[in-house]
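Please keep the sequence and the 3D view at hand while reading.

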Amino acid sequence: MAIGQFALIAGVPVLIALTGTLRRVPDRAARRAAALVAAAFAAPLTVWLTRDDGAPSLSKDMHPGFLALIVAASAVFLVTLHRARRAAA
């Protein structure tokens, strides 16, 4: 979504993943990974909101390093969630 210039809307699935994991997944590693994804998304959002000379959209203001961090944190979250579900089954 960030590459397609919809970075701000990408916060919706991040919020859904965080809320769903905290409410329904008892595995602590999965909860930490969900929080890591939320923090990785919140960092560029906070930078964008607090900068005086920021771009008109989050997508244009976000550094590619933040995008890579969000993708890496999401991959960790998916692997951790998959492992937690396999352990529960």
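Helices H1 and H2 are roughly antiparallel to each other, because their axes cross at roughly 155° and angles over 145 degrees count as roughly antiparallel. The model is a predicted one.

- H1 covers residues 11-24 and H2 covers residues 28-50, and their axes come within 9 Å.
- The crossing of H1 past H2 is left-handed.
- On the H1 side, the contact is formed by Gly11, Val14, Ala17, Leu18, Thr21 and Leu22.
- On the H2 side, Ala30, Arg31, Ala34, Ala35, Val37, Ala38 and Phe41 take part.
- Sorted by class, this contact of H1 with H2 consists of 10 nonpolar, two polar and one charged residues.

**The nonpolar core**
- The largest nonpolar core contains 20 residues, and Phe41, Leu58 and Phe77 have the most contacts inside it.
- H1, H2 and helix H4 (64-88) are the elements that give two or more residues to this core.
- The most comes from H2, which gives eight residues.
- Leaving aside residues up to four places away in sequence, Phe41 touches Ala7, Leu8, Ala10, Gly11, Val14, Leu58 and Ile70.

**The loop between H1 and H2**
- Pro26 is found in the loop that lies between H1 and H2.
- The relative accessible area of Pro26 is 71%, so this residue counts as exposed, the cut-off being over 50%.
- Pro26 and Ala84 are separated by 58 residues in sequence, while their C-alpha atoms are 8.6 Å apart in space.

How values were computed: Residues numbered from 1 in each chain as written. Predicted model: local features only at pLDDT ≥ 70, side-chain atom pairs only at ≥ 80, totals over all residues. Heavy atoms only, no water. Axes fitted to C-alpha atoms, helices over the stretch in contact; angles between N-to-C directions. Helix = DSSP H or I, 4+ residues; strand = E, 2+ residues; numbered from the N terminus. Parallel < 35°, antiparallel > 145°, perpendicular 65-115°, else oblique. Left-handed = near helix turned anticlockwise from the far one by under 90°. Contact = heavy atoms within 4.5 Å. Nonpolar A, V, L, I, M, F, W, Y, C, P; charged D, E, K, R; others polar. Core = buried A, V, L, I, M, F, W, Y, C linked by side-chain atoms within 4.5 Å. Buried < 20%, exposed > 50% of the residue type's maximum accessible area, 1.4 Å probe, protein only.
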